[in-house]
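Reader: I'm new to this one, and I'd like to go through it slowly. Could you show me the structure before we start?

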Amino acid sequence: MTGTLSTTAERLYLSMKELPIVSPHGHCDPSWFAQNQPFANPAALLVTPDHYVFRMLYAQGIPMADLGIGAPGAEADPREVFRLFAAHWHLFLGTPTRLWMEYVLSETLQISQPLTAQTADAIYDDISERLQQAEFLPRALFERFNIETLATTDSALDDLAHHKSLRASHWPGRVIPTFRPDGVLDPLDPNFAANLAQLAKITDHSLDSFDSYLAALRMRRAEFIDCGATATDHAIDILHTEWLADPGPLYLSVAKGTATQEEARRFYGHMLIEMAQMSIEDGLVMQLHAGSRRNTNRTILDRFGRDMGADIPLTTDWVNGLDALLNRVGNSAELRLILFTLDETTYARALAPMAGHWPCLRIGPPWWFHDSANGIARYFDQVVETAGYFNLAGFNDDTRAFLSIPARHDLWRRGVALHLSHQIERGAFGLSGAEDLAPLLAVDLARQAYRIEV
């Protein structure tokens, strides 16, 4: 990673540089590690799965199908996809994507020549050759990256076969699932009815009553815990929680598909509180990602499906949105609720004061559009004075791009070093205090926040 650090910042950075990586939230595919097969090709590894990459190219008029995206792009030649990427490499100047990808190319894939339209084919061939070598298989890279724990994100309907295979193997790498139940909690999910039917089938519960529905969810949570899960994950665009005294009739309505949009919103708001109560019971850490209006480009949604780079931040009302949840369970230190925002205006105004009071709350690291050098600096600047350091959740990379994990953690650790050196310069604390905080912010807070044992 490029960039010059001051003497103090360099000292702090070097103290963190070789620490193990804890990746407690992300979207890597567990089959990579269960099957341990070579990655398919450079385009499938670096371009097609990474919405940071293809959204920028699409913004400059490059058709999604030409990038190998979705069913319309299934026939795209991966070499041509990589050529397109290389020819438009200049578009990423100034972005964290450029920093991550340069790290991946030079440090991970050991490519020495610069990426250009003229070098695209040679680099494609070099990467392809490396991907067939034993040291570039997924498990070998996992070990080379010094990953201590990597959490995937898995649907509540997932059979967890790959995680079970990993646990039964003799490989020592720790890859654990995360319980993502939105598809069976949010009636506004277009597949909600089908998802409930599948939940009934895999749990052998009738789901003909609210109690049966809750029992099925508890069963699935227990199965995830048996596979090593320590957390759940929930996403909501406009944050709302609400406790319903008798949710049974509304459950029957949403299950039949007869509920209004407002009733569906109220039901999901209630279920977030139910999930928090279950987390107190079973110990799973609860993550809440709020404030992203997803799939805003309806043409792309129709042609290519969900989560294709058209998700845009929304303003988020954390205080009112979490009021019902916090005033029911927020005083419990047994609950651990990690909050992620895309609305940076809420850092100092809402999240830091809230995390500085409620025992259950931790503030997640800069997320998505803000996991950048400037985003990291803004984050620390706005939350630390009110929330302190120990109400933060450390760092997670939240990525589908496996090879970028070391690069993302390296950028965070550089950001931590810069922040701590500035704190020393302004007299907030001395070098010894900064040296204590550095490993905490790099690794230990994530372990603690996600209840991951070393």
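Predicted model: local features only at pLDDT ≥ 70, side-chain atom pairs only at ≥ 80, totals over all residues.

Reader: Okay, then is Asn295 buried or exposed?

Author: Asn295 has a relative accessibility of 11%, and because that is under the cut-off of 20%, it counts as buried. Asn295 sits in the loop between β8 (292-293) and α15 (298-304), and its phi is near 60°, a positive value in a residue other than glycine.

Reader: What about Trp368, where does that one lie?

Author: Trp368 is found in the loop between β11 (361-363) and α19 (373-387). Its phi is positive, at about 65°, although Trp368 is not a glycine, and with a relative accessible area of 10% this residue is buried.

Reader: Switching to the inside: which residues touch the most other members of the largest nonpolar core?

Author: Those are Tyr213, Trp318 and Leu325, in a core of 99 residues. Helix α21 (residues 431-449) gives this core its largest share, which is 10 residues. Apart from this core lies another one, made up of 50 residues, including Met64, Phe85, Phe142 and Leu150.

Reader: And what is Tyr213 in contact with, leaving aside its neighbours within four places in sequence?

Author: With those neighbours left aside, the contacts of Tyr213 are Val184, Leu185, Leu196, Leu199, Leu207, Tyr251, Phe267 and Met271.

Reader: You mentioned α21. At what angle does it pack with α20?

Author: Helix α20 (residues 405-425) packs with α21 at about 155°, and the two axes are 10 Å apart. Angles over 145 degrees count as roughly antiparallel, so α20 is roughly antiparallel to α21. The crossing of α20 past α21 is right-handed.

Reader: Which residues meet there?

Author: From α20 come Trp412, Arg413, Val416, Leu420 and Ile424, and they meet Leu431, Ala434, Leu437, Ala438, Leu441, Ala442 and Val443 of α21. By type, the residues of this contact are 11 nonpolar, no polar and one charged.

Reader: How about α5 and α7, how do their axes cross?

Author: The axes of helix α5 (residues 78-87) and helix α7 (residues 120-131) cross at roughly 125° and come within 9 Å, which makes α5 oblique to α7. Pro78, Arg79, Phe82, Arg83 and Ala86 of α5 meet Ala120, Asp121, Ile123, Tyr124, Asp125 and Ile127 of α7, and the residues of this contact divide into seven nonpolar, no polar and four charged.

Terms used. Residues numbered from 1 in each chain as written. Heavy atoms only, no water. Core = buried A, V, L, I, M, F, W, Y, C linked by side-chain atoms within 4.5 Å. Buried < 20%, exposed > 50% of the residue type's maximum accessible area, 1.4 Å probe, protein only. Helix = DSSP H or I, 4+ residues; strand = E, 2+ residues; numbered from the N terminus. Contact = heavy atoms within 4.5 Å. Axes fitted to C-alpha atoms, helices over the stretch in contact; angles between N-to-C directions. Parallel < 35°, antiparallel > 145°, perpendicular 65-115°, else oblique. Left-handed = near helix turned anticlockwise from the far one by under 90°. Nonpolar A, V, L, I, M, F, W, Y, C, P; charged D, E, K, R; others polar.
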